[in-house]
Amino acid sequence: MLLAAQGLDRRLTTPPDKNAVLEIIRQMGVLQIDTIHVVARSPYLVLWSRLGDYEPKWLDELLAEGALFEHWSHEASFLPIEDYALYRRFMLDVYGRSRSWVLTNPEEANQILDRVRELGAVRSADFVRKDGQKGGWWNWKPEKRALEMLHTTGELMIASRHNFHRIYDLRERVLPGWDDKDAPSLEEVHRRLALKAVQSLGLTTAAWVTDYYRQRKVNAAKLLEDFVNKDEVVQVEVEGWKSPAYIHQANLPLAEKVLSGEIKAELTTLLSPFDPIVWDRKRAKALFDFDYRIECYTPAEKRVYGYFTLPILWKNQIIGRLDPKAHRKEKIFEVKNLHLEPGVVITDELLADLCQTLQECANWHKTPQVVIRQSDPPELAELLAKRLT
């Protein structure tokens, strides 16, 4: 149910186009942004996991065309523009720290707004640092800080990206005609996001609902009871689960097809560390018995699996992880380490599916030569290398 609701049960039967990118983001509800670039940046990789060979520029174009917008959701995210009203309420009522900064630093905020109003959209890089310090995640220059605070409060929006750098513009130019009267109440926002989370998760417990849109202070159990009473959600039992589970009414036909065997998980693919399938580590452990964390923030000598390991989805199992790097100039897709989970049996079918997925991912990166340095079990690297040559 989760994989089918997330578009990860099978590949599209037709080549993907820009509309397919938009539709899969709508289906997920949220596409988390991350800048790590040892392979494709996470939002592009999440789309590849579902769509296969598509043009990454389509995501950029959808943002520039106004079909998507950027804001905080499950971290910084691309979001369907039809959900803007929900997030505008957060901008108006929730982001107190950012709004406080704007109110207590009116001169800095107004200077940025006046610059954008008079000269047009800007990047952070358009402002030269004058204090002699180096930049970084925790040491923004004043203009960068102002841009981010004004974006969080909604006075600025991300009009587009160039080489993944944000381009900021006034909200009234990016979204003309918007009226704050159209923003629903905070209570309604929480309700609608929780309902969207139930639909995007396919089948869920109460414990998994609030993390999807990071509504941690919301009483999910109370909301789910209300959804059930209003026939928006159906409560079900899952064999082996102590807690009740929930299915969105829109997913009932999907559930029937899953139960009848009409829909089966058939896809083999690689997942981003920030894919909705695994970003809730407790849910990934409960559903797939997969204990996962990203180790790029772990000192190198303490890493177990690698810098940026990608979970390997094989049909309805997560069978392992690999640590890749795309060497674009050399056209090499390097797999530094490939680890299978304990108990995974190496079969001809698994080898064939994994080889095909590695080659497809490498080709999409335009690094068609796949090189596997080492694996666990050790013989796996050699078995894959024979099939990849």
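In this predicted model, helix H6 passes helix H8 in a left-handed crossing. The two helices, H6 spanning residues 96–104 and H8 spanning residues 142–152, pack at an angle of about 120 degrees, and their axes lie 9 Å apart. On the H6 side, the contact is made by Arg 97, Ser 98, Trp 101 and Val 102. H8 contributes Arg 145, Ala 146, Met 149, Leu 150 and Thr 152. Sorted by class, the contact of H6 with H8 holds 5 nonpolar, 2 polar and 2 charged residues. The spacing of such residues can be read against helix geometry: an α-helix has 3.6 residues a turn, so residues three or four places apart point the same way.

Helix H5 (residues 84–93) is mostly covered, with 8 of its 10 residues buried. The buried set runs through Tyr 84, Ala 85, Leu 86, Tyr 87, Arg 88, Arg 89, Phe 90 and Met 91. H5 packs against H10 at an angle of about 135 degrees, with 10 Å between the axes, and the two helices are therefore oblique to each other. As H5 passes H10, the crossing is left-handed. Leu 86, Tyr 87, Arg 89 and Phe 90 of H5 meet Leu 186, Val 189, His 190, Arg 192, Leu 193 and Lys 196 of H10. By class, this contact of H5 with H10 comprises 6 nonpolar, 1 polar and 3 charged residues.

With a relative accessible area of 23%, His 190 is partly exposed. Setting aside residues up to four places away in sequence, His 190 touches Phe 90, Gln 215, Val 218 and Leu 223. Phe 90 in this list is one of the buried residues of H5. Pro 299, by contrast, stands 38 Å from His 190, C-alpha to C-alpha, and 109 residues away in sequence.

The axes of helix H3 (residues 42–51) and helix H15 (residues 348–364) come within 12 Å and cross at roughly 135 degrees, which makes H3 oblique to H15. Here H3 passes H15 in a right-handed crossing. Tyr 44, Leu 45 and Trp 48 in H3 meet Thr 357, Glu 360, Cys 361 and Trp 364 in H15. The contact of H3 with H15 has 5 nonpolar, 1 polar and 1 charged residues by class.

At its start, a side-chain oxygen of Asp 17 reaches to within 3.2 Å of the backbone nitrogen of Asn 19. Along the helix, Ala 20, Val 21, Leu 22, Ile 24, Ile 25 and Met 28 are buried. H2 is then followed by Gly 29, whose phi is positive, near 90 degrees.

Among the strands, S2 (residues 68–73) holds Glu 70. This charged residue counts as buried, at 3% relative accessibility. The side chain of Glu 70 joins that of Arg 166 in a polar contact of 3.3 Å. Beyond its neighbours within four places in sequence, Glu 70 is in contact with Ile 33, Leu 63, Ser 77, Phe 78, His 151, Ile 158, Arg 161 and Arg 166.

Asp 231 has a positive phi of about 60 degrees although it is not a glycine. This residue sits in the loop between helix H12 (220–229) and strand S6 (233–236), and Asp 231 is exposed, with a relative accessible area of 56%. Lys 315, likewise not a glycine, also has a positive phi of about 60 degrees. The loop that contains Lys 315 runs between strand S9 (310–314) and strand S10 (317–327). Lys 315 is partly exposed, its relative accessible area being 22%. Finally, a cis peptide bond joins Asp 376 and Pro 377, with omega about 10 degrees. Pro 377 is found in the loop between strand S13 (375–376) and helix H16 (379–388).

Note on methods. Residues numbered from 1 in each chain as written. Predicted model: local features only at pLDDT ≥ 70, side-chain atom pairs only at ≥ 80, totals over all residues. Heavy atoms only, no water. Axes fitted to C-alpha atoms, helices over the stretch in contact; angles between N-to-C directions. Helix = DSSP H or I, 4+ residues; strand = E, 2+ residues; numbered from the N terminus. Left-handed = near helix turned anticlockwise from the far one by under 90°. Contact = heavy atoms within 4.5 Å. Buried < 20%, exposed > 50% of the residue type's maximum accessible area, 1.4 Å probe, protein only. Polar contact = N/O pair within 3.5 Å; in protein donor to acceptor, adjacent residues only side chain to side chain. Parallel < 35°, antiparallel > 145°, perpendicular 65-115°, else oblique.
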